[in-house]
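Please read the points below with the sequence and the structure open beside them.

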Amino acid sequence: MTTIRQRRAGKGTEAAEDQPSEETNVKPDGKIPPDPPGGKLWNILSITVGGIVGISLGLLTSVYVATLHENDLWFSNIKEVEREISFRTECGLYYSYYKQMIQAASIQQGLHGLVYDNKTESVRTINILERMNVYQEVFLSILYRILPIQQYLEPVYFYIYTLFGLQAVYVIALYVTSWLLSGTWLSGLLAACWYITNRVDTTRVEFTIPLRENWALPFFAVQIAAITYLLRTHLQPAQERLTLMAVFIATFLFSLTWQFNQFMMLIQALALFILDCLDMLPTAKVTWLYIIQISGLLLVCVLQFFNSMILGSLLISFNVSVLVARTIQKNLKKGGLLNRLGKLILHVLLVLCLTLLINKFIKRTISLKAKFGFGATRDFDANLYLCEEAFGLLPLNTFSRLSSTLLFYIYGFVLFLLTVAAVIVAFRNLSGSNQVQLKEKMEEYTVTLKPDAAYSLVHTILFGCLALSTMRMKYLWTSHMCVFASFGLCSTEVWKLTLKCLHLYTSQRTQVIKYSVPVITLLYVSFKFWPGIMDELSELREFYDPDTVELMNWIKSNTPNTAVFAGSMQLLAGVKLCTGRTLTNHPHYEDKNLRERTKQIYQIYAKRSPGDVHGILRSFGTDYVILEDSICYERRHSRGCRLRDLLDVANGHIMDGLGENEPDLKPSLYPRFCEEIKKNLPSYTMHFTRVFQNKTFHVYKLAKHK
């Protein structure tokens with residue numbers, strides 16, 4: 001087991017940019033009057049200062065997480081095998097392809113090895129570029145090979161510094177989004193400050209560096225910033241085209257770097273659909289965003305050799321359905337309230353039906369159902385995910401941590417206020433009031449829900465629901481929570497609406513509150529958390545996992561390069577990275593055949609006969625099997641969620657220990673394999689010979705019976 005132990009002795013004040021109200025600063029002919037010379041100069045100065053602050057915050061965040069990573073592991077001082085072991089589970093698997101490309105004789109040979117890979121899954125040749133999102137590793141390895149930096153920078157540092165550099169992009173994108181929404185860069189400063197002080201809940205890059213989300217989320221943040229700018233009114237045609245290009249590039253890069261891209265963008269498409277139906281976004285821009293999502297995903301599909309999962313995604317079916325339904329229902333946004341509601345209900349039903357029909361047609365066309373096992377999910381596969389904390393509900397202590405920085409309280413206040421405003425605006429839009437009435441009634445509410453603010457509201461609600469249901473996805477929500485809360489706290493429209501509701505509104509009072517409350521919040525957060533951040537940066541630890549290091553060194557020294565290893569998914573990713581040996585299974589669990597293979601390999605922790613286990617392992621070409629005491633005698637999970645319990649239930653056997661069992665479960669005829677093999681009984685030694693052992697791992701060589 002890996003532990004982190006204490007390290008031994010070694011070897012500003014804002015220049016505000018209150019952008020003019022887009023509603024009140026427009027002439028009747030639709031033209032925006034030019035700013036006075038002094039105002040223009042002030043805007044340039046404010047944008048310059050704000051830009052410098054944003055870039056500085058991004059770079060500081062990058063240095064901050066890089067320092068935490070170094071301090072936690074003493075990364076610069078440990079051996080290469082220890083550095084590689086620190087890339088746990090799927091992180092190690094992804095990094096292994098970067099290492100493989102670096103070590104290849106040529107770029108062409110490295111690419112050929114990925115397209116025709118026979119070491120990731122034994123007795124199978126798979127296309128890594130099709131199955132996994134590793135183009136970032138390919139690009140980075142090629143960049144490392146062609147740049148003259150080999151003498152100055154090790155490959156591993158080039159890799160991790162790139163990821164830490166992307167954190168700078170991430171924070172800058174959040175900063176810009178908040179600035180665009182509120183009109184002042186003070187909001188961006190507060191968003192970045194909250195992102196850093198809530199680091200435990202906003203990112204995990206410092207200890208899961210190669211994880212796909214750490215590549216993808218910065219591009220997702222850039223995309224949201226570009227969409228926020230796109231939804232502003234009075235953009236020039238050239239500005240709009242450039243912004244659409246930025247949205248497309250960010251969408252493409254986000255889709256290319258994360259296997260969950262289609263699900264995240266489906267939620268985004270739902271947000272656009274809801275707002276478009278309620279007439280809160282310009283239809284033409286929403287249409288472009290649908291097209292960008294489809295084209296970006298299809299381009300990724302081509303690069304991933306026409307990956308069937310992408311072609312059969314609900315996102316493509318949904319977006320196409322929306323565009324088709326809109327063509328069929330041309331008068332959707334005309335009529336009175338009841339008429340509009342009837343059309344809206346019909347429109348939603350039509351989109352849902354078309355989505356299901358198109359999706360079913362695509363899946364049948366490409367035989368997706370047979371390949372990926374859609375339909376009834378096997379209990380073992382589902383429970384293997386559901387029993388992991390990362391895929392469970394969001395823990396309640398998350399909210400207490402977010403509240404300690406005032407983030408959650410302010411977020412809740414802004415969310416409630418804008419939700420009420422959204423309901424009022426949506427009702428008015430659907431009611432079809434005439435323009436004169438609108439002019440009289442909109443002044444109090446509509447300024448708080450310009451299109452960009454409306455999108456941000458629905459975005460945060462939908463991704464909040466996702467985070468509440470799946471803890472692993474909270475990082476999509478909490479980062480945007482920082483943006484949304486800071487925008488609300490620094491928004492003229494939000495404070496204007498609040499004060500009008502309290503009958504306390506004056507223009508001067510709004511301006512004072514708009515700046516004083518965020519500054520006070522910044523001072524509070526800084527004084528409260530700065531000492532803790534300094535203590536965290538000064539705490540020095542050291543990577544310590546001697547058992548795994550010993551195992552990897554033994555494998556490299558005592559087994560042939562062609563040897564095939566079986567074991568847990570998490571450990572085998574490290575075996576591939578550290579030793580280059582062939583695996584039977586691995587943590588990239590999205591393939592049906594791999595799930596079935598993993599279930600069979602995991603019979604080493606079930607109650608099966610030695611002959612059965614040997615036959616299963618040899619069917620996958622296994623030469624060595626690694627047993628882990630931490631799995632065989634697992635105590636981390638409760639009864640029913642331990643791996644051995646999941647296997648027992650899947651095999652129809654009664655689980656170990658006190659507690660209830662399903663009535664149809666029966667006692668096994670055999671003891672648990674991982675326990676019984678250690679007794680060296682003849683029925684086991686005829687199939688397995690122990691060749692390595694330490695406190696954590698036991699390695700057995702399989703007999704090759706005819």
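**Notes on the predicted model**

1. Val286 is buried, with a relative accessible area of 0%; buried means under 20% relative accessible area, exposed over 50%, and partly exposed in between, with a 1.4 Å probe and protein chains only. This residue sits in helix 13. Leaving out residues up to four places away in sequence, Val286 touches Leu272, Asp276, Leu281 and Arg326, a contact being heavy atoms within 4.5 Å. From C-alpha to C-alpha, Val286 and Phe273 are 8.1 Å apart in space and 13 residues apart in sequence.

2. Residues are numbered from 1 along each chain as its sequence is written, and side-chain values use heavy atoms, with hydrogens and water left out.

3. The chain averages a pLDDT of 87, and 89% of the residues score at least 70; pLDDT is the predictor's confidence in each residue, from 0 to 100. Over residues 9-32 the pLDDT is below 50, and this stretch has 41 contacts in the model beyond near neighbours in sequence. Residues 367-378 also have a pLDDT below 50, with 25 contacts beyond near neighbours in sequence.

4. On the overall make-up, the chain has 33 helices and 7 strands. Helices (H or I, at least four residues) and strands (E, at least two) are DSSP runs, numbered from the N terminus. Of the 706 residues of the chain, 54% count as buried. The accessible surface comes to about 31,400 Å², and 64% of it belongs to carbon and sulfur atoms; the areas come from the Shrake-Rupley method with a 1.4 Å probe, and for residues only the protein chains shown count as cover.

5. A cavity is a set of points, on a 1 Å grid over the protein atoms alone, where a 1.4 Å probe fits but cannot get out, and lining residues have an atom within 4 Å of a point. The volume of the largest cavity is about 90 Å³, a volume being the space filled by probe spheres set on the points, with grid points joined across faces, edges and corners.

6. The lining of the largest cavity has 13 residues, and Tyr170, Leu174, Ala221, Ile224 and Ser479 lie nearest its centre. By class, this lining holds 10 nonpolar, 3 polar and no charged residues. Ala, Val, Leu, Ile, Met, Phe, Trp, Tyr, Cys and Pro count as nonpolar, Asp, Glu, Lys and Arg as charged, and the others, Gly among them, as polar.

7. The second largest cavity has a volume of about 50 Å³. Its lining includes Gln167, Tyr170, Arg204, Glu213 and Tyr475. Helix 7 and helix 10 each supply at least two of the lining residues, and helix 10 gives the most, with 4. This lining divides into 4 nonpolar, 4 polar and 2 charged residues.

8. Most residues other than glycine have a negative phi. Val123, although not a glycine, has a positive phi of about 55°; it lies in the loop between helix 4 (107-115) and helix 5 (128-131). Asp279, also not a glycine, has a positive phi of about 60° and is found in the loop between helix 12 (261-277) and helix 13 (283-303). Are these residues buried or exposed? Val123 counts as exposed at 61% relative accessibility, and Asp279 is partly exposed at 33%.

9. Gly657 belongs to the loop between helix 31 (643-650) and helix 32 (673-676). Gly657 is exposed, because its relative accessible area is 57%. Its C-alpha atom is separated by 9.9 Å from that of Asp645, 12 residues apart along the chain.

10. Ile55 is in helix 1 (residues 37-73). With 47% relative accessibility, Ile55 counts as partly exposed. Ile55 and Ala173 are 118 residues apart in sequence and 9.8 Å apart in space, C-alpha to C-alpha.

Notes
This is a predicted model: local features need pLDDT of at least 70, side-chain atom pairs count only at pLDDT 80 or more; totals for chains, interfaces and linings use all residues. On a 1 Å grid over the protein atoms alone, a cavity is a set of points where a 1.4 Å probe fits but cannot get out, and a pocket is an open set with protein on both sides within 12 Å along at least five of seven lines; lining residues have an atom within 4 Å of a point.
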